[in-house]
Amino acid sequence: MSIWNTVIAASLAVMALKLIGYVVPTSFGEQPAVQRMSSVLTVALLSSLVVIQTVASSGGVAIDARVISVLAAGVMLMLRAPFIIVVIVAAATAALLRFTGVMP
Amino acid sequence: MDITSRKTVSMGLSVAAAVSLYGISFGALSVASGLDVWQTQFLSIVMFSGGSQFAVIGLIASGAAGGSAITSAALLGVRNTLYAVTMAPTIGPGLWKRLLAGQLTIDESTAVSLSQSELQHKRLGFWVTGIGVFIGWNAMTFLGAVLGDAVGDVRAFGLDAAAAAAFLALLWPRLTAKDPIVIAVVAAVVTVIAIPAVPAGVPVLVAAAVGLVTGFMLNRGAK
């Protein structure tokens, strides 16, 4: 599947999911089971994506500068730093570790 | 304009400014993942949901099949459906208004709107934040994509680590109770185990499934 096909299909799916919310009855979204499933899915997926972006490397697991960077991001989040600062600190940490040759 | 309206506008615009800045990293990471500037911009205009957008480019970069990128983006987009259901009474009737509101229904517009107590401020908060983020996010995506194209090796600038940090920052505000923390830890462990065992793109789906089962069990245990 080409990148364009993936981009278009995924975009239309996400757009449709937003629009559906304006046509289903309000009572559907108020059901506790539905709300719970949505928040569980979001947490599980985001957590999984953190791990993939941090350690996945061509079909295996690799410990490199990304791990230290994510730990640095975690510290910034604990200090209640704004979103953009968290991201910049993580990038700067990885860049520095690689520039100095400490970690790949 | 009354003082609460002014405060609402100011809140919406500051949220929009912060999120937009972060659009630069999305744009740069997207071209680094192998998408071109137009595919990147298409995601920001049509998909317009940060978590799902990062999932698509991350999975494409990891060499995952298109199907898992689409499924992951859609699963992350399910929460927007709930936001839309929540926002519908605030937005009110009217086909075109609802279509436009639908596209602008994201974490930020919903959060700013819900933080207001009166209907007029809820409406104002939704539209100011939604439109502000849409314009800023798309402008910064374009800037990031063009810069990323020019920069070349994004690893030297730590942009791969920035993507991981971005997901962590999206996850963080949700880890406010025991259940979400347990689910996050289980999903993380399952992902690490799955990465070497299954093709790229599948671990995230396995984690979603195990996360749902964990959530179900935690819920039953509580009753």
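Visitor: Which residues touch the most other members of the largest nonpolar core?

Guide: In this predicted model, that core has 78 residues, and the ones touching the most other members are A:Y22, A:V86, B:Y22, B:L43, B:F54, B:F126 and B:W137.

Visitor: Why is this core said to lie between domain 1 and domain 2 of chain B?

Guide: Domain 1 (3–159) and domain 2 (175–223) of chain B both contribute residues to the core, so it lies between them.

Visitor: Let's stay with A:Y22. What does A:Y22 touch, leaving out residues up to four places away in sequence?

Guide: Its partners are B:A84, B:M87, B:A88, B:I91, B:R98, B:A101, B:G102, B:T105 and B:F126. A:Y22 also belongs to a trio, with A:K18 and A:F83, that supplies 13% of the area chain A buries against chain B, more than any other three residues.

Visitor: How is the size of an interface often given?

Guide: It is often given as the accessible area lost when the parts come together. For chain A and chain B, the buried area is about 6,500 Å², with carbon and sulfur atoms giving 79% of it. In terms of residues, 67 from chain A are in contact with 84 from chain B.

Visitor: Now to chain B itself. How many helices and strands does chain B have?

Guide: Chain B has 10 helices and zero strands, and from the N terminus its elements run α-α-α-α-α-α-α-α-α-α.

Visitor: What share of the contacts in chain B between residues at least 6 apart joins residues at least 24 apart in sequence?

Guide: That share is 74%.

Visitor: Why is B:P93 called exposed?

Guide: Exposed requires a relative accessible area over 50%. B:P93 has 69%, so it is exposed. B:P93 sits in the loop between α4 (66–91) and α5 (95–103) of chain B.

Visitor: And how do you know whether B:S113 is buried or exposed?

Guide: Buried means under 20%, and the relative accessible area of B:S113 is 1%, so B:S113 is buried. B:S113 lies in helix α6 (residues 107–114) of chain B. Beyond its neighbours within four places in sequence, B:S113 is in contact with B:M87, B:T90, B:K122 and B:F126.

Visitor: What about B:T81: buried or exposed?

Guide: B:T81, in helix α4 of chain B, has a relative accessible area of 10%; the cut-off is under 20%, so B:T81 is buried. Leaving aside neighbours within four places in sequence, B:T81 is in contact with A:L17, A:K18, A:I20 and A:G21.

How values were computed. Residues are numbered from 1 along each chain as its sequence is written. Chains are lettered from A and ligands numbered from 1 in the order in which they are written. This is a predicted model: local features need pLDDT of at least 70, side-chain atom pairs count only at pLDDT 80 or more; totals for chains, interfaces and linings use all residues. Side-chain values use heavy atoms; hydrogens and water are left out. A nonpolar core is a set of buried Ala, Val, Leu, Ile, Met, Phe, Trp, Tyr and Cys residues joined through side-chain atoms within 4.5 Å. Buried means under 20% relative accessible area, exposed over 50%, partly exposed in between (1.4 Å probe, protein chains only). Domain bounds come from an automatic or database domain assignment. Contact means heavy atoms within 4.5 Å. Helices (H or I, at least four residues) and strands (E, at least two) are DSSP runs, numbered from the N terminus. Buried area is the accessible area (1.4 Å probe) that two parts lose on being put together, summed over both.
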